[in-house]
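This report describes the fold of one chain and the surface through which another chain touches it. The sequence and structure come first.

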Amino acid sequence: MDGFGPAFAFWVLSFLTLISAGGVMAVRNLLHAVLFLILTFIGVAGFFVLLSAEFLAMAQIIIYVGAIAVLILFAILLTPRAGRDNGETRWAAPGILLAVALFAVVVFAIQDTNWATVKDSPDITVQQLGEALLQTWVLPFEIASVLLTAALVGSIMLVRSPEEEAEDALA
Amino acid sequence: MIGVEHFLTVGAILFCIGLAVALSKRNAIGVLMGVELMLNAVNLTLLTFSRFSVSSRPVAGQTFVVFVVTVAAAEAAVALALAVSVYRNRATIDVDKIDLLRS
């Protein structure tokens, strides 16, 4: 990936993504943390464009920013007395230490490996992706749709109020 | 010159921030946000390998990311429903205070 454009985009996106991911960790208000999380998702979508996965960048924006972030916001608003507090548990220090240790190991592995890379992007079209999903990997695709249906039904069952369940038992 | 190492390092940093968030936050929704960050980092790494690796089937990496996103959406829906359900019963989603199974 040569030239000024991709390098500039990479550094700007790294800055945006990592600063906002750090914001998720650092801010005290949970709602602000969700806003930083949205910014991180957008930054990762930018990386997807840089890696020539335009379709997945769009999917990332629609699913993560459009659906999951809104879902998290709704969950925060539905748990009002739990507070907007984004504080740490007693076990925060060992957790952060573990994350730093893992980072050191992974960076060592990345630097130590001799990566055999191609120069040019494989240039995958949306058509190829669709054909792969509906021909080569059609069984996992169908299983994923069953999983989504089951998850939706399950989450509706979980959040039903006791009154609704009593009404259904009578009917 | 931006190479595969740069993208992998960004993915590693993002994953470790997500891990730190998931391990250290008191609010269950905060923990879930850490998990989402980790899933994003993994997707970024998968697409990096899909873009830079020598492969006879280059479309496989992107297909795998589609499945990861699907499972992440299902996981988020169920986890948030669980958080709301626990909140209804215990009036808290503080992961330190949800200890019904402790004898």
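This is a predicted model: local features need pLDDT of at least 70, side-chain atom pairs count only at pLDDT 80 or more; totals for chains, interfaces and linings use all residues.

Read from the N terminus, its elements follow the order α-α-α-α-α-α-α.

How far does the C-alpha trace of chain A extend along its principal axes? The spans are about 65 × 45 × 25 Å. The radius of gyration of chain A is 21 Å, whereas a compact globule of 171 residues would have one near 16 Å. Buried residues make up 23% of the 171 residues of chain A. Among the contacts in chain A with a separation of 6 or more, 56% are between residues 24 or more positions apart.

Chain A also meets chain B: 76 residues of chain A are in contact with 63 residues of chain B. On the chain B side, the elements that each give two or more residues are helix 1, helix 2 and helix 3 of chain B, with the ranges listed below.

| Element of chain B | Residue range |
|---|---|
| helix 1 | 4–24 |
| helix 2 | 28–52 |
| helix 3 | 59–90 |

Which helix of chain B gives the largest share of the side that touches chain A? Helix 3 of chain B does, with 21 residues. By residue class, the side of chain B that touches chain A consists of 43 nonpolar, 13 polar and 7 charged residues.

Terms used
Residues are numbered from 1 along each chain as its sequence is written. Chains are lettered from A and ligands numbered from 1 in the order in which they are written. Helices (H or I, at least four residues) and strands (E, at least two) are DSSP runs, numbered from the N terminus. The radius of gyration is taken over C-alpha atoms; the globule rule is 2.2 Å times the number of residues to the power 0.38. A residue is buried if 20 or more other C-beta atoms lie within 10 Å of its own, exposed if 12 or fewer, and partly exposed in between; C-beta atoms are placed from the backbone. Two residues are in contact if their C-beta atoms, placed from the backbone, lie within 7 Å. Ala, Val, Leu, Ile, Met, Phe, Trp, Tyr, Cys and Pro count as nonpolar, Asp, Glu, Lys and Arg as charged, and the others, Gly among them, as polar.
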